[in-house]
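Here are some exercises to work through with the sequence and the structure side by side. Try each task before reading its solution.

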Amino acid sequence: MKYLGVVSYCGNAYSGFERQKDKTTIQGTLEKELSFLLGTPTGIKGAGRTDGKVNAEGQTFSFEAKPIENVGRFLDALNRLLPRDIEMLGLYPVPDSFDARHSCCGKRYRYRFSYGSKMPFETATVAYIGNRTDFDENAFLEAIRLFEGEHRFHNFTTKKEDKDDFVRFVHIESASVDAERRQGEVTFVANGFMTYMVRFLVGAAFKAAFHTVTIPFLKERLDSPERRIISFKAPPEGLTLLEVLYHESYR
């Protein structure tokens, strides 16, 4: 039988979601405890691969197992085994044709940052880019709005090849900067995100806010047919995968 799992985690102590040899990852941790409870080696397939130190409120994965008689009791047992920074939110039976990654039709990400206070109690979920008084809030927001709509984001990812020619439709669900507290937050929704894409988009907007690059420069990189990947990557801590979207509701 196939199941869809929904998991929340703080990525600060992990080398990303995907299983890696000799490194602690979210996938490796989940597979270890699932295999123990199910009594057989169990692999999972994630909807995507979050980077090291990136967080998730609603990452999803799929796996096959014998029918679980009491899902609620199974979830309780799994959460007791998992470390405090990982929590299973749900487990749902899905059709055999379901695939956590390939059945996905979109994702929501949030990026939070501070350019004032270090926010020591939120070091794992808020990026700190320095105590800066030269942050141009209007330039940051203008840069972020450049990315709204359908574009070929080949200069905002390190992905080498893409079946959709690097074209994605991005919606800026919200973008705000509190100039008094010197904090900001952006929520992106897209039909797909590529390697480092959100961090490159935010990093580029940071550079615009510091007037290291201009808005026309970013626009040219966004529209240019020539591939010249930018090198402005925002820190991972501020990024959280909020939700994985599917055409059907399985919960």
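## Exercise 1: An aromatic pair

F135 is buried, with a relative accessible area of 4%. The model is a predicted one.

**Task.** Is F210 buried or exposed, and what kind of aromatic pair does F210 form with F135?

**Solution.** Let's start with accessibility.

- Step 1. The cut-off for buried is under 20% relative accessible area. F210 has 17%, so F210 is buried.
- Step 2. A pair of aromatic rings is described by the distance of the centres and the angle of the planes.
- Step 3. For F135 and F210 the centres are 5.6 Å apart and there are 85° between the planes. Planes over 60 degrees apart count as edge-to-face, so the F135 and F210 pair is edge-to-face.
- Step 4. Now place the two residues. F135 sits in the loop between β6 (127-128) and α3 (137-146), while F210 sits in the loop between α4 (197-209) and α5 (215-223), so their pair ties together parts that are 75 residues apart in sequence.

**Task.** What kind of pair do the rings of F147 and F156 form?

**Solution.** Their centres lie 5.5 Å apart with the planes at 65°, so this pair is edge-to-face. F147 is buried, at a relative accessible area of 0%, and F156 is also buried, at 0%.

## Exercise 2: Around the rings

**Task.** Which residues form one aromatic cluster with F135 and F210, and which residue lies over the face of F210?

**Solution.** Take the rings, then the charge.

- Step 1. The cluster brings F135 and F210 together with Y111, F113, Y115, F140 and F206.
- Step 2. Over the face of F210 lies R132, at 3.7 Å from the ring centre.
- Step 3. For another such arrangement, look at Y196: K233 lies over its face, 3.6 Å from the ring centre.
- Step 4. The count of aromatic pairs comes to 20.

## Exercise 3: The two faces of a helix

**Task.** Which residues of helix α2 (residues 71-81) are buried, and why do they lie on the same side of α2?

- Step 1. The buried residues of α2 are F74, L75, A77 and L78.
- Step 2. These residues cover an arc of only 165° around the axis, which puts them on the same side of α2.
- Step 3. Turn to the face that points away from the buried side of α2, and you find the exposed residues R73 and R80.
- Step 4. The cover over the buried residues of α2 includes α1 (26-38) and β4 (86-94).
- Step 5. Finish at the N-terminal end of α2, which is capped by N70: a side-chain oxygen of N70 lies 3.3 Å from the backbone nitrogen of G72.

## Exercise 4: A serine in a helix

**Task.** Where is S35, and which backbone nitrogen does its side chain reach?

**Solution.** S35 is in helix α1. Its side chain reaches the backbone nitrogen of T42 at 2.8 Å. Beyond its neighbours within four places in sequence, S35 is in contact with T40, P41 and T42.

## Exercise 5: The whole chain

**Task.** How many helices and strands does the protein have, and why can it be called as compact as a globular protein of its length?

**Solution.** The protein has five helices and ten strands. Its radius of gyration is 19 Å, close to the 18 Å that the globule rule gives for 251 residues, so the protein is as compact as a globular protein of that length. The C-alpha trace spans about 60 × 40 × 35 Å along its principal axes. Of the 251 residues, 52% count as buried. Among contacts between residues at least 6 apart in sequence, 72% join residues at least 24 apart.

Key. Residues are numbered from 1 along each chain as its sequence is written. This is a predicted model: local features need pLDDT of at least 70, side-chain atom pairs count only at pLDDT 80 or more; totals for chains, interfaces and linings use all residues. Side-chain values use heavy atoms; hydrogens and water are left out. Buried means under 20% relative accessible area, exposed over 50%, partly exposed in between (1.4 Å probe, protein chains only). Helices (H or I, at least four residues) and strands (E, at least two) are DSSP runs, numbered from the N terminus. The arc is that of the directions from the helix axis to the C-beta atoms. Contact means heavy atoms within 4.5 Å. A polar contact is a pair of N or O atoms within 3.5 Å; within protein, one must be able to donate a hydrogen and the other to accept it, and residues adjacent in sequence count only if both atoms are side-chain atoms. Rings of Phe, Tyr and Trp (its six-membered ring) pair if their centres lie within 6.5 Å; planes under 30 degrees apart count as stacked, over 60 as edge-to-face and the rest as tilted. A charge sits over a ring if NZ of Lys or CZ of Arg is within 6 Å of the ring centre and within 35 degrees of the ring normal. The radius of gyration is taken over C-alpha atoms; the globule rule is 2.2 Å times the number of residues to the power 0.38.
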